[in-house]
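User: I would like to learn how to read a structure, one feature at a time. Where should I begin?

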Amino acid sequence: MWLVTARQHDENEGFTLIELLVVTVIIGILATVAIPVFLNQRNKAYDSTAKSDLRNLANFEEIYLNDYGTYADIVTVKTGEPDLFPSKGITVGVAFFVTNQGYCLSATHAGSTNVWYYDSEGGGLQPANAGCPDVNASSPGVATGTTLTG
C-alpha cells in the first residue's frame, strides 16, 4: 500500500513537457506585443527630452536678448549664459536668427530620427521635421551651423 501511494505521488510532481511549451509560447506572444510598444515609448521619451531642451534654449535666447539687446548663435549664448547644458544625447542649435527680431532653433536626440524646431515668430514649437520659415522674409536671418551636444 505504501508503495502504491508513493508511486502516485511521484507521478503528480512537476510539469509536463506540453505545459512548459504552452507557457513558453504564451511568453513569446506577449514579448512580440510588448517589445514594439516599449521601443515606441522610448522614442517618445527621446522626443520629449529634445523638445524640453529646445524650450530651454528658447528661454536662454530671450535671456540673452534682455542682457545684450540681440539674439545670437549658440556658442555666443553659451558664453553669455553659462548654465546652458543640453541633456545627454541631445544636440541643440540655432538654425538662424535676426538680430533682435526672432530666431529658429533646432534639437534632435541621437536615438530619434525626428528633428524638432522652435520658431520664435511662428508660434514656438513646430511639428517634427517641419523646419522653420525665415523669421523675416525681407531681412533673412544669420544662418549658423553651430550646435551643442549633451
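Analyst: Begin with the elements: helices (H or I, at least four residues) and strands (E, at least two) are DSSP runs, numbered from the N terminus. This is a predicted model, in which local features need pLDDT of at least 70, side-chain atom pairs count only at pLDDT 80 or more, and totals for chains, interfaces and linings use all residues. Residues are numbered from 1 along each chain as its sequence is written, and side-chain values use heavy atoms, with hydrogens and water left out. The chain has 3 helices and 6 strands, in the order α-α-α-β-β-β-β-β-β from the N terminus. T108, for example, belongs to strand 2 (residues 102-109).

User: Is T108 buried, partly exposed or exposed?

Analyst: Buried means under 20% relative accessible area, exposed over 50%, and partly exposed in between (1.4 Å probe, protein chains only). T108 is partly exposed because its relative accessibility is 22%. Over the chain, buried residues make up 30% of the 150 residues.

User: Which residues is T108 in contact with, apart from its neighbours within four places in sequence?

Analyst: Contact means heavy atoms within 4.5 Å. With those neighbours left aside, T108 is in contact with A50, G89, I90, T91, N114 and V115. A polar atom of the T108 side chain lies 2.8 Å from the backbone oxygen of N114. In the chain, among contacts between residues at least 6 apart in sequence, 52% join residues at least 24 apart.

User: How many aromatic pairs are there?

Analyst: Rings of Phe, Tyr and Trp (its six-membered ring) pair if their centres lie within 6.5 Å; planes under 30 degrees apart count as stacked, over 60 as edge-to-face and the rest as tilted. By this rule there are 3 aromatic pairs. One of them is Y64 with Y68, a tilted pair at 4.4 Å centre to centre with 35° between the planes. Both tyrosines, Y64 and Y68, lie in helix 2 (residues 17-68), 4 residues apart, which is about one turn of the helix. Y64 counts as buried because its relative accessibility is 8%, while Y68, at 48%, is partly exposed. Y103 and Y118 form a stacked pair, 6.3 Å centre to centre with 10° between the planes. This pair links distant parts of the chain, with Y103 in strand 2 and Y118 in strand 3 (residues 115-119), 15 residues apart. Y103 is buried at 2% relative accessibility. Ring pairs also link Y71, Y103 and Y118 into a cluster.

User: Which residue lies over the face of W116?

Analyst: A charge sits over a ring if NZ of Lys or CZ of Arg is within 6 Å of the ring centre and within 35 degrees of the ring normal. K51 lies over the face of W116, 4.6 Å from the ring centre. K78 lies over the face of F85, at 3.7 Å.

User: What is the nearest side chain of opposite charge to D73?

Analyst: Lys and Arg count as positive and Asp and Glu as negative; His and the chain ends are not counted. A salt bridge is a side-chain nitrogen of Lys or Arg within 4 Å of a carboxyl oxygen of Asp or Glu. D73 is buried yet has no salt bridge, and the nearest side chain of opposite charge, K78, is 12 Å away. D73 is found in the loop between helix 2 and helix 3 (74-80), and a polar atom of the D73 side chain lies 3.0 Å from the backbone nitrogen of V75.

Definitions and conventions. A polar contact is a pair of N or O atoms within 3.5 Å; within protein, one must be able to donate a hydrogen and the other to accept it, and residues adjacent in sequence count only if both atoms are side-chain atoms.
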